Amino acid sequence: MLDQKVSAQKKWKNKDYSIQVESGDNSVFFTIVATSSNAEFSQFLANETLEIFIKNAGKYISGVNVSVLSKASNASQPNRVNYVKIAGLIFIPAFLLFGLISVWRFIRSGRVEDAKFPEKVYQVPYLGELEIKGK
């Protein structure tokens with residue numbers, strides 16, 4: 001039946017395709033998968049297969065009630081991991097944290113802890129201290 005409908009359409013003649021009707025274990029839901037080299041043709045095939053299935057289901061299954069949850073649509077790319085976004089989300093907080101640590105260390109490093117500090121840190125000989133008295 002599907003081959004007749006495909007043959008009736010002039011633009012779809014001589015196209016290779018495959019149709020799969022899938023159902024899970026003990027499931028009342030069916031999934032129709034149409035595969036071809038043309039996305040529009042695959043969508044046409046899935047919708048035509050759906051119509052044929054609905055019209056003929058009563059012949060093979062008694063007391064059947066068929067409802068369509070969604071019509072066929074073109075496939076889209078699955079969600080991909082955006083590594084740039086993840087790297088940005090990691091880099092920004094890390095940059096802020098290390099920036100705060102650097103600022104804190106920069107501020108703290110400007111303090112002279114004792115008179116021998118230049119000698120300890122910069123290997124400059126200790127020459128003495130100078131006290132400045134207020135006016």
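1. Ala46 lies in helix H2. In this predicted model, Ala46 has a relative accessible area of 9% and is therefore buried, the cut-off for that term being under 20%. Gln20 is 26 residues away from Ala46 in sequence, and the C-alpha atoms of the two are 9.3 Å apart in space.

2. The largest pocket holds about 830 Å³ of space. Its lining is made up of 29 residues, and those closest to the pocket centre are Phe30, Thr31, Ile32, Leu50 and Ser70. By residue class, the lining of the largest pocket has 17 nonpolar residues, 11 polar ones and one charged residue.

3. On the surface there is a nonpolar patch formed by Val81, Tyr83, Ile86 and Ile90. Together these residues have about 440 Å² of accessible area.

4. One member of that patch, Val81, is found in the loop that runs between helix H2 (39-60) and helix H3 (83-109). Is Val81 buried or exposed? Its relative accessible area is 52%, so Val81 counts as exposed, the cut-off for exposed being over 50%. Ala46, by contrast, is buried at 9%.

Technical notes. Residues are numbered from 1 along each chain as its sequence is written. This is a predicted model: local features need pLDDT of at least 70, side-chain atom pairs count only at pLDDT 80 or more; totals for chains, interfaces and linings use all residues. Side-chain values use heavy atoms; hydrogens and water are left out. Patches are made of residues with over 30% relative accessible area and no salt bridge: like charges are joined within 9 Å, nonpolar side chains (Val, Leu, Ile, Met, Phe, Trp, Tyr) within 5 Å. Accessible areas come from the Shrake-Rupley method with a 1.4 Å probe; for residues, only the protein chains shown count as cover. A salt bridge is a side-chain nitrogen of Lys or Arg within 4 Å of a carboxyl oxygen of Asp or Glu. Helices (H or I, at least four residues) and strands (E, at least two) are DSSP runs, numbered from the N terminus. Buried means under 20% relative accessible area, exposed over 50%, partly exposed in between (1.4 Å probe, protein chains only). On a 1 Å grid over the protein atoms alone, a cavity is a set of points where a 1.4 Å probe fits but cannot get out, and a pocket is an open set with protein on both sides within 12 Å along at least five of seven lines; lining residues have an atom within 4 Å of a point. Grid points are joined across faces, edges and corners, and a volume is the space filled by probe spheres set on the points. Ala, Val, Leu, Ile, Met, Phe, Trp, Tyr, Cys and Pro count as nonpolar, Asp, Glu, Lys and Arg as charged, and the others, Gly among them, as polar.
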